[in-house]
Amino acid sequence: MRLWHEDLLTELPRQQLLGQHRECCALRGLGWNKKHATVNYVFDHFPYKLFQYHMKVINEMKRRGYKNDPLWENPAYRGKQCLPYEVVFIEQETTPIYPEHNECYMKECLENLAEKGIHLMIEMPGS
């Protein structure tokens with residue numbers, strides 16, 4: 001389980017991008033508040049931040065011509081197994097959406113991808 005640094009979304013190969021969509025769906029649904037070392041920081045924020053991140057994933061999927069279930073574009077939607085949120089605390093989008101997506105996290109993500117044989121040509125800030 002991992003949410004890739006949001007600056008990598010436009011560069012991710014198809015498999016990782018679609019996997020990221022599935023991960024977001026799982027976290028928004030029954031996976032919410034189920035602790036996992038690499039995504040625990042998500043639960044320190046309101047679920048709306050995950051929705052904002054997921055929309056970046058969905059928008060990249062659309063840009064590439066992939067289809068998604070439009071129900072996921074509703075911030076209250078939590079999948080077929082969960083009731084929707086009754087109240088959604090809307091937050092202004094920040095850059096990055098998650099403050100944890102910093103330079104150190106970018107490096108960690110790039111190293112993780114490299115271990116999978118995926119080498120992205122991303123210029124690190126301060127390089």
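Cysteine 109 is buried, with a relative accessible area of 0%, where buried means under 20% relative accessible area, exposed means over 50% and partly exposed lies in between (1.4 Å probe, protein chains only). This is a predicted model, in which local features need pLDDT of at least 70 and side-chain atom pairs count only at pLDDT 80 or more, while totals for chains, interfaces and linings use all residues. Residues are numbered from 1 along each chain as its sequence is written, and side-chain values use heavy atoms, with hydrogens and water left out.

**Around cysteine 109**

Cysteine 109 sits in helix α3; helices (H or I, at least four residues) and strands (E, at least two) are DSSP runs, numbered from the N terminus. Leaving aside residues up to four places away in sequence, cysteine 109 touches Arg2, Leu3, Trp4, His5 and Leu8, a contact being heavy atoms within 4.5 Å. Lysine 116 belongs to the segment after α3 and, at 48% relative accessibility, counts as partly exposed.

How far does α1 reach from its first C-alpha to its last? The distance is 21 Å for 15 residues, close to the 21 Å expected at 1.5 Å a residue; the expected span is 1.5 Å times one less than the number of residues. Helix α2 (residues 47-63) agrees as well: its 17 residues should span 24 Å, and its end C-alpha atoms are 24 Å apart.

Because 12 of its 17 residues are buried, α2 is largely enclosed by the rest of the structure. Among those buried residues are Tyr48, Leu50, Phe51, Tyr53, Val57 and Ile58, and what covers the buried residues of α2 includes α1 (14-28). On the α1 side, the buried residues include Leu17, Leu18, Cys24, Cys25 and Leu27, and the buried residues of α1 pack against α2 and α3. Following α2 comes glycine 65, with a positive phi near 90 degrees.

**Aromatic rings**

The structure holds 7 aromatic pairs. Rings of Phe, Tyr and Trp (its six-membered ring) pair if their centres lie within 6.5 Å; planes under 30 degrees apart count as stacked, over 60 as edge-to-face and the rest as tilted. Two of the pairs are set out here.

| Pair | Centre to centre | Angle between planes | Geometry |
|---|---|---|---|
| Tryptophan 32 and phenylalanine 43 | 5.0 Å | 90 degrees | edge-to-face |
| Tyrosine 41 and tyrosine 98 | 5.3 Å | 80 degrees | edge-to-face |

Tryptophan 32 and phenylalanine 43 both lie in the loop between α1 and α2, so their pair ties together parts that are 11 residues apart in sequence. Both tryptophan 32 and phenylalanine 43 are buried. The tyrosine pair links distant parts of the chain, with tyrosine 41 in the loop between α1 and α2 and tyrosine 98 in the loop between α2 and α3, 57 residues apart. Tyrosine 41 is buried at a relative accessible area of 12%, and tyrosine 98 is buried at 0%. Ring pairs join Tyr41, Tyr53, Tyr98 and Tyr105 into a cluster.

A charge also meets a ring: arginine 14 lies over the face of tyrosine 66, at 5.4 Å from the ring centre. The criterion is NZ of Lys or CZ of Arg within 6 Å of the ring centre and within 35 degrees of the ring normal.

**Backbone notes**

Most residues other than glycine have a negative phi, and most peptide bonds are trans. Asparagine 33, in the loop between α1 and α2, has a positive phi near 70 degrees and, at 44% relative accessibility, counts as partly exposed. The peptide bond from threonine 95 to proline 96 is cis, with omega near -5 degrees, and proline 96 is found in the loop between α2 and α3 (103-115).

**The cavity**

A search of the whole structure finds 1 cavity of 30 Å³ or more. On a 1 Å grid over the protein atoms alone, a cavity is a set of points where a 1.4 Å probe fits but cannot get out, and lining residues have an atom within 4 Å of a point. The largest cavity holds about 40 Å³ of space. Its lining includes Leu27, Trp32, Leu50 and Tyr85, and α1 and α2 each supply at least two residues of that lining.

Note on methods
1 Å grid on protein atoms, 1.4 Å probe; cavity = no way out; pocket = protein on both sides within 12 Å on 5 of 7 lines; lining within 4 Å. Points joined across faces, edges and corners; volume = space filled by probe spheres on them.
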